[in-house]
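Please read them with the model open.

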Amino acid sequence: MRQKNFLIICGEPSGELHAAGLAGAIKKLNPEIKITGIGSGLLKKAGAEVFYDIKGLSVMGLFDVLKKIPKFLALKKTILEKIKKDNPDAIIFVDFSGFNLRLAKAINNAIPTIYYVSPQVWASRPGRIKTMKKYIKKIIVLFKFEREFYQKYGIDADWAGQPLLDIVKPTMPKEELLRNLKLSSAKVTIALLPGSRKQEIKRILPVMLKSARLIAKELNAQFVIAKPLQVEWNIYNSLIKCFHLNLKIVEDRPYDCMNIADFCLICSGTATLETAIMGKPFFLIYKTSLLNYLLYRPQIKVPYIGMVNIAAGKKIIPEFIQFGASPKKIANSVLGTLKNPAELQSIKANLAKIKSSLGASGAASRAAKIILDFLK
């Protein structure tokens, strides 16, 4: 009997985190299934055979996309050749919607297609709903409201819950890490998470550092920057050299950085949900190039960009976006919130409600079972 073979396609670190969790859960339910895909170390560790490294696939903004079109076309060709050669039993797309939806059209229903961590069509570019209905046979969503949204369009969608609930855990106690970093437990600790893409970091970290400098003038504070493993050190070193702050950079340990923090400044994206799960009060900061902002802002159909605000249906976390991302404004708001215990408690209570709405732990296992049952 032929060994079953699944192909997993992700393209960015946040997507690979979920792809690896899903691959591991599938292998646990059925160790005989062979999983191949594009990814990096995380997917390999989960038991998948990686035939293409995703390093350098992340894009931010129109010009970055245009610059990488030859790379994406070559990757699409590589994947289609792999499909022709291996004839997988299913293709699982994970996030990375700009590429994955084009790939799904090229596959044209020749193989069962499943989407895990689906495109946020409810937030922008609703025209993609038609593409998904035509070329994706099963969608597994992370939020309950997404299932209702897709079902309204007659699309087969299941809710598995939020896999981050099983992933977001610090690796050591708060006091131990503070000692290791030679930071004081008596000072206010503020974590800065400026994103995982180079372009994001170059635009957002300077705003965070300027805000931190203003905060430090009024408050006995210390700062930690969470550095993703895939981003070079020189980017951070060049940005922080002119800021004289009590500051540490911690590599590949975002949850530990959140855990030691009394407050966080977060770039929009997965980190906002991770911070909510950690129960840490935070503000969202986002800035892109003016041209990208003018191009993409009209496409956004929801009033907020932060996932916690979208999930709550109201603004529970302040968002400082583009022209509103003023260091003075951010610093004054942080200082005001830190000096207001009732406001801090309100933020924490709202984040706890969001966490409780994400479902129970074990989302990746439920998603794996949905996929195996669907393919029967």
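1. The model is predicted. Helix H1 (residues 13–29) packs with helix H18 (residues 363–375) at an angle of about 60 degrees, and their axes lie 8 Å apart. The crossing of H1 past H18 is right-handed.

2. Which residues make this helix contact? On the H1 side they are Gly-21, Leu-22, Ala-25, Ile-26 and Leu-29. These meet Ala-364, Ser-365, Ala-367, Ala-368, Lys-369, Ile-371 and Leu-372 of H18. Sorted by class, the contact between H1 and H18 has 9 nonpolar, 2 polar and 1 charged residues. Lys-369 is the charged one, because Lys counts as charged and Gly as polar in this scheme.

3. The model also holds an open sheet of 6 strands, paired in parallel, in the order E10-E9-E8-E11-E12-E13. Strand E10 (247–251) and strand E13 (319–321) are its edges, each pairing on one side only. From one strand to the next, the twist averages 20 degrees.

4. How many bridges join E11 to E12? Strand E11 (residues 263–267) and strand E12 (residues 282–286) run parallel and are joined by 4 bridges.

Key:
Residues are numbered from 1 along each chain as its sequence is written. This is a predicted model: local features need pLDDT of at least 70, side-chain atom pairs count only at pLDDT 80 or more; totals for chains, interfaces and linings use all residues. Side-chain values use heavy atoms; hydrogens and water are left out. Two strands pair if DSSP finds at least two bridges between them. Helices (H or I, at least four residues) and strands (E, at least two) are DSSP runs, numbered from the N terminus. Axes are lines fitted to C-alpha atoms, for helices over the stretch in contact, and angles run from 0 to 180 degrees between N-to-C directions. A crossing is left-handed if the near helix is turned anticlockwise from the far one by less than a right angle, and right-handed if clockwise. Contact means heavy atoms within 4.5 Å.
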